Amino acid sequence: MEIQYTAIPVERLEAMREEGKDEFGNKWQLRVAEGWEPLRCCLRKASQDEDIALICYSPWDSASPWMEAGPVFVHYEACAGYSATDQYPASHLRSKAILNPFDHTGARAYDHITFLGNEDDHEAALKDVLSQPEVAFVHVRSQEAGCFHFLATSRDGSAGR
Ligand SMILES: [Zn+2]
């Protein structure tokens, strides 16, 4: 199975920058990176002194009772986004993560929630969850902070088969 890894869509970020606020009304505010902040626009860690912003983000793009929103770091100015969409983001491989799966109706697939430690094979675990017939997509989150990392879907549309 080929997995598609999706960061925050560039268009949504661009609209927020133009508005000067995130989708929840928080001001788009410049912040100087200390160098540890995980950036969800391009799925890498910030370098020290980079211009970033802390925003509230929800990976859902339409109303859903399952919708979760929370704080994520992004670049203050537009960046290139995450282009290696067929590769597990390297900066997230050695992290404590939760694989938070959803079914084809958009509801959480509780039976397949998976907790990963630093040493686990994240990609294999993600493939395993995405290959479950009832799983349509997975939100990968931080286990420590709970915040959203990225969206994972099956590239060949084989999820559910
Ligand atoms: Zn970025």
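Reply: Two strands are said to pair if DSSP finds at least two bridges between them. The strands (E, at least two residues), like helices (H or I, at least four), are DSSP runs numbered from the N terminus. The model is a predicted one, in which local features need pLDDT of at least 70 and side-chain atom pairs count only at pLDDT 80 or more, while totals for chains, interfaces and linings use all residues. Residues are numbered from 1 along each chain as its sequence is written, and side-chain values rest on heavy atoms, with hydrogens and water left out.

Strand E7 pairs with E8 (residues 114–116) in the antiparallel sense, over three bridges. Within that pairing, Leu-99 has Thr-114 of E8 as its bridge partner. Strand E7 also pairs with E9, again in the antiparallel sense, and here over seven bridges. In this second pairing Phe-102 faces Phe-137 of E9.

Burial is judged by relative accessible area: under 20% is buried, over 50% is exposed, and values in between are partly exposed (1.4 Å probe, protein chains only). Seven of the seven residues of E7 are buried, and the strand is therefore largely enclosed by the rest of the structure. The cover extends to both faces: one side carries Ala-97, Leu-99, Pro-101 and Asp-103, the other Ile-98, Asn-100 and Phe-102, and all of these are buried.

His-139 counts as buried because its relative accessibility is 2%. A contact is defined by heavy atoms within 4.5 Å. When neighbours within four places in sequence are set aside, the contacts of His-139 include Ile-98, Leu-99, Asn-100 and Phe-102, and also Trp-60 and Phe-150.

Rings of Phe, Tyr and Trp (its six-membered ring) pair if their centres lie within 6.5 Å; planes under 30 degrees apart count as stacked, over 60 as edge-to-face and the rest as tilted. By this rule there are eight aromatic pairs. In one of them, Tyr-5 and Phe-150, the ring centres are 5.7 Å apart and the planes stand at 70°, so the pair is edge-to-face. Because Tyr-5 lies in strand E1 (residues 3–6) and Phe-150 in strand E10 (residues 148–154), this pair ties together parts that are 145 residues apart in sequence. Both Tyr-5 and Phe-150 are buried. A second pair, Trp-60 and Phe-102, has its ring centres 5.2 Å apart and its planes at 90°, and is therefore edge-to-face. Since Trp-60 belongs to the loop between strand E5 (51–57) and E6, and Phe-102 to E7, the pair ties together parts 42 residues apart in sequence. Trp-60 and Phe-102 are both buried. Tyr-5 and Phe-150 also form one aromatic cluster with Tyr-88.

With 18% relative accessibility, Thr-85 counts as buried. Apart from neighbours within four places in sequence, Thr-85 is in contact with Ile-3, Gln-4, Tyr-5 and Arg-155.

The zinc ion is coordinated by the SG atoms of Cys-41, Cys-42 and Cys-79 and by ND1 of His-75, at 2.1 to 2.4 Å. Cys-41, in the loop between strand E3 (38–39) and strand E4 (44–45), and His-75, in strand E6 (residues 70–75), are 34 residues apart and link distant parts of the chain. Cys-41 and His-75 are both buried. Along the chain the donors follow the spacing C-C-x32-H-x3-C.

Finally, the loop between E3 and E4 also holds Leu-43. Leu-43 is not a glycine, yet has a positive phi of about 55°. Leu-43 counts as buried because its relative accessibility is 3%.

Technical notes:
Donors = N, O, S within 2.8 Å, 3.2 Å for Na, K, Ca; no water.
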